[in-house]
Amino acid sequence: MTSLTLEKTSKTDKVIFWVFTSLFVLFDGVGAIAFNTQPAIEGIAHLGFPDFFRIELGIGKILGGVLLIVPQLPHRLKEWAYVGFGISTLSAIIGHLAVDSSMEHVYLPLIVLLVLVVSYVYYHKTRVS
């Protein structure tokens, strides 16, 4: 019975990991493909970041999304992808708070950060089992 419970927990952990990781990558990684659209250009300028950062961020997010989704890639690369996405999301939160001075634009990055944290926690839970 113990092994059945452990096996079920492991499967549940894997499902949670893949659901949250897929949601995150679909939102933040695939969304980065639009880094060259007018709203992305205006958004980066509105927050006061230089234009080259938009291109750098877009490429980094696409690469990071691939690193999180491909299971065969080394653990260390995935850890760096999580760090990069964490810094990026925190920067969006801080940038919006500093420029917009309201929580209105902060809710979405906070939700994205929460999804990233759940993905990260369950990445480690599934990695141990």
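Q: Before anything else, what are the helices here, and how are they numbered?
A: Helices are DSSP runs of H or I with at least four residues, and they are numbered from the N terminus. The model they are assigned on is predicted.

Q: Okay, and where is the place of Tyr122?
A: Tyr122 sits in helix H5.

Q: Buried or exposed?
A: Tyr122 has a relative accessibility of 18%, so it counts as buried, given that buried means under 20%.

Q: What does Tyr122 touch, leaving out residues up to four places away in sequence?
A: With those sequence neighbours left out, Tyr122 touches Asp13, Ile16 and Phe17.

Q: Let me zoom out: how many helices and strands does the chain have?
A: The chain has 5 helices and 0 strands, and when it is read along the sequence the pattern is α-α-α-α-α. The C-alpha trace spans about 55 × 30 × 20 Å along its principal axes.

Q: Which residues have the most contacts inside the largest nonpolar core?
A: That core has 16 residues, and those with the most contacts inside it are Phe17, Phe24, Leu68, Tyr82, Phe85 and Leu116. The elements that give two or more residues to this core are helix H1 (2–29), helix H4 (75–100) and helix H5 (107–128), with the largest share, 7 residues, coming from H5.

Q: What does Leu68 touch, again without residues up to four places away?
A: On that basis Leu68 touches Thr21, Phe24, Val25, Lys78, Ala81, Tyr82 and Phe85.

Q: Switching to rings, how many aromatic pairs does a search of the whole structure find?
A: The search finds 6 aromatic pairs. One of them is formed by Phe17 and Tyr123, whose rings are 6.0 Å apart centre to centre with 40° between the planes, which is a tilted arrangement.

Q: Which parts does that pair tie together?
A: Phe17 lies in helix H1 and Tyr123 in helix H5, so the pair ties together parts that are 106 residues apart in sequence. Phe17 is buried, with a relative accessible area of 6%, and Tyr123 also counts as buried, at 9% relative accessibility.

Q: What about the rings of Tyr82 and Tyr123, how are their planes set?
A: Their planes are at 40° and their centres are 5.8 Å apart, so that pair is tilted. Because Tyr82 is in helix H4 while Tyr123 is in helix H5, the pair joins parts that are 41 residues apart in sequence. Tyr82 counts as buried, with 5% relative accessibility.

Q: Which residues form the aromatic cluster?
A: Phe17, Trp18, Tyr82, Tyr120 and Tyr123 form one cluster.

Q: Now Thr89, where is it found, and is it buried or exposed?
A: Thr89 is found in helix H4, and its relative accessible area of 5% makes it buried. Beyond residues up to four places away in sequence, Thr89 touches Asp28, Pro109, Val112 and Leu113.

Q: And where is the place of Phe35?
A: Phe35 is in the loop between H1 and helix H2 (38–46). At 22% relative accessibility Phe35 counts as partly exposed.

How values were computed. Residues numbered from 1 in each chain as written. Predicted model: local features only at pLDDT ≥ 70, side-chain atom pairs only at ≥ 80, totals over all residues. Heavy atoms only, no water. Core = buried A, V, L, I, M, F, W, Y, C linked by side-chain atoms within 4.5 Å. Buried < 20%, exposed > 50% of the residue type's maximum accessible area, 1.4 Å probe, protein only. Contact = heavy atoms within 4.5 Å. Phe/Tyr/Trp six-rings, centres within 6.5 Å; stacked < 30°, edge-to-face > 60°.
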